[in-house]
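Biologist: Can you walk me through this one? I'd like to start with the packing and then jump around.

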Amino acid sequence: MSEVQPDIVEALIDVRDRAYAPYSNHPVGALIVSESGTRYVGANVEVAHYKGICAEASAIATMASAGERELREVYVIGPGEHLCTPCGDCRQRIREFATPETLIRVVDAQGTLLRRYTMDQLLPDSFGPENLGRDSAMD
Ligand SMILES: [Zn+2]
């Protein structure tokens, strides 16, 4: 069951293999597709004081730094066959830029789709920009 395009799988594996994860030995890669259709990738980058950055956060930071503010798709790849879902902090980061149609896909180490989520499935009853009186793509 592979509904992930081969070029996306290749990009995910490439970025995961560039992760800097000497402490956890758990390299993760993320690829996000913005509203414009541009793809941004990120890998986890750990540091000695343990406050590293996740792959999803890295990719989102790159997208936001490019001036984009809306996520269409999110892909996450871990090092193994287990489900490498976004952590709680990353779920909130994804939520910041998600729409009700944003899909989050988690693939295994070879890029085969394991699970697909909507934002509401990944973070139900979430707190977002609209809770602070700001516009939100989730409205
Ligand atoms: Zn995370």
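This is a predicted model: local features need pLDDT of at least 70, side-chain atom pairs count only at pLDDT 80 or more; totals for chains, interfaces and linings use all residues.

Biologist: Which residues of α3 are buried?

Modeller: Cys90, Ile94, Arg95 and Phe97.

Biologist: And α2, which of its residues are buried?

Modeller: Helix α2 covers residues 55-65. Its buried residues are Ala55, Glu56, Ala57, Ser58, Ala59, Ile60 and Met63.

Biologist: What covers them?

Modeller: The cover includes three strands, β1 (29-34), β2 (39-43) and β3 (71-77). It also includes α3 (88-97).

Biologist: What comes just after α2?

Modeller: Gly67, with a positive phi of about 95°.

Biologist: Back up a bit. How many helices and strands are there?

Modeller: The chain has 4 helices and 5 strands. Along the sequence the pattern reads α-β-β-α-β-α-β-β-α. The radius of gyration is 14 Å, close to the 14 Å that the globule rule gives for 139 residues, so the chain is as compact as a globular protein of that length.

Biologist: What does the C-alpha trace span along its principal axes?

Modeller: About 40 × 40 × 25 Å.

Biologist: What share of the residues is buried?

Modeller: Buried residues are 44% of the 139. The accessible surface is about 7,300 Å², and carbon and sulfur atoms hold 49% of that.

Biologist: What about contacts between residues 24 or more positions apart?

Modeller: They account for 61% of the contacts with a separation of 6 or more.

Biologist: How does the lining divide into nonpolar, polar and charged?

Modeller: There are 9 nonpolar residues, 4 polar and 2 charged.

Biologist: Is Cys87 buried or partly exposed?

Modeller: Cys87 is partly exposed, at a relative accessible area of 33%. The buried cut-off is under 20%.

Biologist: Let's do backbone. Which residue has a positive phi near 55°?

Modeller: Asn25, which is not a glycine. Most residues other than glycine have a negative phi. Asn25 is in the loop between α1 and β1, and Asn25 is exposed, with a relative accessible area of 61%.

Biologist: And which residue has a positive phi of about 75°?

Modeller: Tyr50, also not a glycine. Tyr50 lies in the loop between β2 and α2. Tyr50 counts as exposed, at 67% relative accessibility.

Biologist: Back to the loop between α1 and β1. Where does Pro22 fall?

Modeller: Pro22 is in that loop, between α1 (6-16) and β1. At 38% relative accessibility, Pro22 counts as partly exposed.

Biologist: How far is Pro22 from Val47, in sequence and in space?

Modeller: They are 25 residues apart in sequence, and 8.5 Å apart C-alpha to C-alpha.

Biologist: Last one, Glu130. Where is it?

Modeller: In the segment after α4 (119-122). Glu130 is partly exposed, at 28% relative accessibility.

Biologist: What is Glu130 in contact with, beyond its neighbours within four places in sequence?

Modeller: Arg95, Ser136 and Asp139. Arg95 is one of the buried residues of α3.

Biologist: And how far is Glu130 from Leu114?

Modeller: Their C-alpha atoms are separated by 31 Å. Along the chain, Glu130 and Leu114 are 16 residues apart.

Methods. Residues are numbered from 1 along each chain as its sequence is written. Side-chain values use heavy atoms; hydrogens and water are left out. Ala, Val, Leu, Ile, Met, Phe, Trp, Tyr, Cys and Pro count as nonpolar, Asp, Glu, Lys and Arg as charged, and the others, Gly among them, as polar. Helices (H or I, at least four residues) and strands (E, at least two) are DSSP runs, numbered from the N terminus. The radius of gyration is taken over C-alpha atoms; the globule rule is 2.2 Å times the number of residues to the power 0.38. Buried means under 20% relative accessible area, exposed over 50%, partly exposed in between (1.4 Å probe, protein chains only). Contact means heavy atoms within 4.5 Å. Accessible areas come from the Shrake-Rupley method with a 1.4 Å probe; for residues, only the protein chains shown count as cover.
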